[in-house]
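Subject: Structure for your set

Hello,

Here is the structure I said I would pass on. Please look it over before reading my notes, which follow below.

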Amino acid sequence: MTDLEVLHRCEDEHGPLLVLDDKHMRVLSFGDNDEQSKLLKLEPHIPQHTYLQAMLLVLLFIKPKRVIILGLGGGGLIHALRHFDTGIKVTAVELRSKVIELAKRFFQLPIGKKFTVIHQDAAQFLQEGDHKKADVIFADIYGADGVDESQLSEAFIENSASLIKSDGFLVLNCWKEHSQNRVLLSLLQKHFCEVRACLTGGGNWVVLAGKNRREISSSGLKTKAHSLSQQLDFTLGRSLTRFDIWE
């Protein structure tokens, strides 16, 4: 990130926020050597981080009409989902008002009737449960020090499950070491019928927990991934090779 120019720097009660830029990329950072979001300015719908690409594997199993995104960042998931289907209703929940402000100002965050941003703590939002049920909840709650541990708690998993439709999915972005977390796996298995996961090249452990079992062969997944890659405008092949049932 040394070649990037600092476009904007500010701070809130949670720490610093920086917007960095070069001719092609824009980056949201929460500290030194930290990349919360990276946006390709001319093609913002193409995710630049492998964990975001892996989170979009859920589209192999469901075509959502309504999604909830916990943790806004620079809005990379929102750009990708809107490119996939402009009809998806998206609600994003973000704790830090400064992040919302910077996403709107610097990261081409879309506006419109089908997109809502809520300034609230994600755990509180889930606990209140005052939202229409979603087909998919994406949880990507990170600070400068890594994944927010509340995202792995029993209350978080249970409250997420109650806000997901009967055939829907919870998608969690975790770290590689969480692949050894048997407590997390058992929590997910308690509320979901099938748990799949993908280890990304960047060291993330992306979990897809579905309320229904999806019987699909590896060759069937490859075929669907090829078609979905064309829709999303990037290849899902790398993520698919590391994707399997978590048990």
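Strands β2 (residues 15-21) and β3 (residues 25-29) are joined by 4 bridges and run antiparallel. Within that pair, Leu20 has Val27 of β3 as its bridge partner. Please keep in mind that this is a predicted model.

The two strands belong to an open sheet of 4 strands, ordered β1-β2-β3-β4, with antiparallel pairing. Its edge strands are β1 (5-12) and β4 (37-40), each of which pairs on one side only. From one strand to the next, the twist averages 10 degrees. Helix α3 (residues 97-106) packs on this sheet and touches β1, β2 and β3. The direction of α3 makes about 155 degrees with that of β1.

At the β14 end, strand β12 (residues 194-199) is joined to β14 by 3 bridges, and the two run antiparallel. Arg196 stands opposite Ile245 in β14.

How much of α2 (residues 76-84) is covered? Most of the helix: 7 of its 9 residues are buried. They are Gly76, Leu77, Ile78, His79, Ala80, Leu81 and Phe84.

UniProt lists Asp140 under "active site", in an unreviewed entry. Asp140 is found in the loop between β8 (134-139) and β9 (142-143). Is Asp140 buried or exposed? Its relative accessible area is 14%, and the cut-off for buried is under 20%, so Asp140 counts as buried. Leaving aside neighbours within four places in sequence, Asp140 is in contact with Tyr51, Met55, Leu70, Gly71, Gln151 and Asn173.

His49 lies in the loop between β4 and α1 (50-55). With a relative accessibility of 14%, His49 also counts as buried. Which residues does His49 contact, leaving aside its neighbours within four places in sequence? They are Glu35, Gln36, Ser37 and Lys38.

**The chain as a whole**

The secondary structure comes to 8 helices and 14 strands. The radius of gyration is 17 Å, close to the 18 Å that the globule rule gives for 247 residues, so the chain is as compact as a globular protein of that length. Along its principal axes, the C-alpha trace spans about 50 × 40 × 40 Å.

Of the 247 residues, 56% count as buried. The chain exposes about 11800 Å², of which carbon and sulfur atoms supply 46%. Among contacts between residues at least 6 apart in sequence, 64% join residues at least 24 apart.

Regards

Methods. Residues numbered from 1 in each chain as written. Predicted model: local features only at pLDDT ≥ 70, side-chain atom pairs only at ≥ 80, totals over all residues. Heavy atoms only, no water. Buried < 20%, exposed > 50% of the residue type's maximum accessible area, 1.4 Å probe, protein only. Pairing = 2+ DSSP bridges. Axes fitted to C-alpha atoms, helices over the stretch in contact; angles between N-to-C directions. Contact = heavy atoms within 4.5 Å. Rg over C-alpha atoms; globule rule 2.2 N^0.38 Å. Areas by Shrake-Rupley, 256 points an atom, 1.4 Å probe, with all protein chains shown as cover. UniProt positions renumbered as here; feature names shortened; annotations may be inferred.
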